[in-house]
Amino acid sequence: SAPSSQKLEPPANPGRFTLPLSFARNCSRIPVTPGNIMMAQLVPQEPVSIRPEAIRKVLVISSFKDTDPLKNMLSGSLEAVKENWENQIDLTHVWVSTVDEFVAALNAFDGAILIFDGHGVPNSETPISKIAIADHQLDVWSLRGRVKCPPIVILSACDTQGVDASSHATVGNGFIALGAQTVVGTFLPVHGARSAMFIARLMHRIAEYVPAAIRAFKRSITWIDVVSGMLRMLLATEVIVALVGKPDTEEFKELQGAANNEINSRNSDWFNKLIDRVANFRKVDRATAERLVQDVVARSDAIRYTQLGNPENILISDDTILDGVLEAYAMNGSADQSAGTYTLTYNR
């Protein structure tokens with residue numbers, strides 16, 4: 001950031017702050033290497049539709065040494081907001097200290113979402129990225145053929161898709177190789193407390209936003225929309241905390257509430273409106289507010305997350321959506337492939 005004595009120059013295009021692509025649009029990343037995984041991800045696939053109650057079945061696998069200060073960070077964050085999700089989320093939390101325990105926990109789970117809570121081991125200087133299972137370092141690629149992987153994997157750990165990875169053998173790509181349809185990974189180290197709160201907020205979003213969005217939009221919603229919206233709200237939180245006030249202040253609640261409403265109603269101008277509110281609160285011009293916000297975005301945790309694979313192919317639907325599809329099929333006779341219709345597979 002510029003020294004306080006230096007004049008802040010306005011951006012080249014004032015009033016149109018340029019967001020990172022994944023915050024401006026819903027998008028995911030397909031790994032280029034290894035080629036066989038890339039081709040498998042690029043082959044057109046039928047969307048898979050999951051009922052809201054199935055998406056609420058979550059497995060959290062935690063693994064830390066007993067002396068690790070982060071050991072209870074996620075469980076504490078989940079407990080802090082438990083009232084927002086406990087009646088909606090069927091969450092199983094398993095602690096493991098060996099690779100065999102990790103494998104057993106994964107194979108015993110029949111839900112849709114796996115969250116790994118632990119440390120990542122980057123492959124910036126070594127060929128293979130790993131996750132830490134207590135005193136062990138696990139190469140997830142070695143589990144192929146040994147585990148049953150859920151379609152959605154969320155890695156609450158550092159450097160699981162390192163921006164400086166020396167090879168394709170990252171943890172994120174490894175879970176894609178194990179059969180996950182989409183993985184939320186991390187480009188860089190992430191803050192322990194903030195990453196734990198991200199997971200806790202995501203549970204709340206699954207419990208409350210998913211059914212509300214299906215009712216409001218009267219159609220299926222995609223997993224990419226669930227995660228992308230959560231990351232946008234996380235970015236808004238980081239901006240507001242840095243430039244306006246802490247979460248217990250009225251100013252924070254006002255700005256966060258407005259940003260959340262715009263994000264969830266899919267207002268594409270939500271970030272520009274947030275900048276305008278920051279400028280108004282701090283009593284600075286728009287150009288100065290943009291520079292302040294840009295500095296926060298560059299240091300934020302939110303931009304360190306990435307969605308891998310094909311999260312847009314996971315549709316979350318309820319019976320009202322299924323009834324509408326069946327009614328449309330009955331009226332139209334059959335599916336018209338040229339019109340972009342497709343068969344929905346429901347997991348009951």
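Two strands pair if DSSP finds at least two bridges between them. Helices (H or I, at least four residues) and strands (E, at least two) are DSSP runs, numbered from the N terminus. The model is predicted: local features need pLDDT of at least 70, side-chain atom pairs count only at pLDDT 80 or more, and totals for chains, interfaces and linings use all residues. Residues are numbered from 1 along each chain as its sequence is written, and side-chain values use heavy atoms, with hydrogens and water left out.

**View A. Strand β2 and its partners β3 and β4.** Five of the six residues of β2 (residues 57-62) are buried (under 20% relative accessible area; exposed is over 50%, partly exposed in between; 1.4 Å probe, protein chains only). Six bridges join β2 to β3 (residues 90-95) in the parallel sense, with Val-58 bridged to Leu-91 of β3. Five bridges, also parallel, join β2 to β4 (residues 113-117); here Ser-62 has Asp-117 as its bridge partner.

**View B. Helix α6, residues 171-178.** Seven of its eight residues are buried, so α6 is largely enclosed by the rest of the structure. Among the buried residues are Val-171, Asn-173, Phe-175, Ile-176 and Leu-178. Gly-179 follows α6 and has a positive phi, near 120°.

**View C. Ala-134 and Arg-266, non-glycine residues with positive phi.** Ala-134, with phi of about 55°, sits in the loop between β6 (130-133) and β7 (136-138). Its relative accessibility is 18%, so Ala-134 counts as buried. Arg-266 has phi of about 65° and lies in the loop between α9 (250-264) and α10 (270-282). Arg-266 is partly exposed, at 33% relative accessible area.
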